Amino acid sequence: QVQLVESGGGLVQAGGSLTLECAASGSGSIFSITTMGWYRQAPGKQRELVARITRGGNTNYADSVKGRFTISRDNTKNIVYLQMNSLKPEDTAVYHCNAFQSTTQRDYWGQGTQVTVSS
């Protein structure tokens, strides 16, 4: 089992910045986590990929956040970060951390953290 705990959400004005953090834990299991990422879900919309990063550091981003968001990862601490700059009201959503475990081919999800951007 893998547990994911997110932090760092909140209320910010348009143009502002926030950093989200997701810590993974779970004895033995966390070492087989390959890709970690962030997804978001706004009211009335489907969950969508924001950004993800492999253990080796390869990244990909949704077109809507390219150039504004940066995902990074500390493999020694099993933490993934999402630095969000130049935030827009349309970035308002619940942001969920995701981890993919290669040994079980299973996805794990965090509870989510609310990000609200006011105009």
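I will go through a few sites in this structure, which is a predicted model.

Let me start with the core. The largest nonpolar core has 31 residues. Leu4, Met36, Trp38, Leu82, Met84 and Tyr95 have the most contacts inside it. Strands 3, 4, 5, 7, 8, 9 and 11 are the elements that each give two or more residues to this core.

Which residues does Leu4 contact, leaving aside neighbours within four places in sequence? The list includes Cys22, Ala23 and Ala24, then Met36, then Cys97, Asn98 and Ala99, and also Tyr108 and Trp109. As for pairing, strand 1 runs antiparallel to strand 3, with five bridges between them. Ser7 stands opposite Glu21 of strand 3.

Next, the aromatic pair. The structure holds one. It is Tyr39 with Trp109: the ring centres are 5.0 Å apart and the planes are at 70°, so the pair counts as edge-to-face. Tyr39 is in strand 4 and Trp109 in strand 10, residues 106-109, so the pair links parts of the chain that are 70 residues apart. Are these two buried or partly exposed? Tyr39 is buried, at 18% relative accessibility, while Trp109 is partly exposed, at 38%.

Arg47 is in the loop between strand 4 and strand 5, and it is partly exposed, with a relative accessible area of 36%. Where does its charged end sit? The charged end of Arg47 is over the ring of Trp109, 4.6 Å from the ring centre. The Arg47 side chain also makes a polar contact of 3.5 Å with the side chain of His96. One C-alpha distance to note: Arg47 to Ala93 is 9.4 Å, for residues 46 apart along the chain.

Last, Ser32. Ser32 is in the loop between strand 3, residues 18-25, and strand 4, residues 33-41. What does Ser32 contact beyond its neighbours within four places in sequence? Its contacts are Phe100, Gln101, Ser102 and Thr103. With Thr103 there is a polar contact between the side chains, at 3.3 Å.

Methods:
Residues numbered from 1 in each chain as written. Predicted model: local features only at pLDDT ≥ 70, side-chain atom pairs only at ≥ 80, totals over all residues. Heavy atoms only, no water. Helix = DSSP H or I, 4+ residues; strand = E, 2+ residues; numbered from the N terminus. Polar contact = N/O pair within 3.5 Å; in protein donor to acceptor, adjacent residues only side chain to side chain. Contact = heavy atoms within 4.5 Å. Core = buried A, V, L, I, M, F, W, Y, C linked by side-chain atoms within 4.5 Å. Buried < 20%, exposed > 50% of the residue type's maximum accessible area, 1.4 Å probe, protein only. Pairing = 2+ DSSP bridges. Phe/Tyr/Trp six-rings, centres within 6.5 Å; stacked < 30°, edge-to-face > 60°. Lys NZ or Arg CZ within 6 Å of the ring centre and 35° of its normal.
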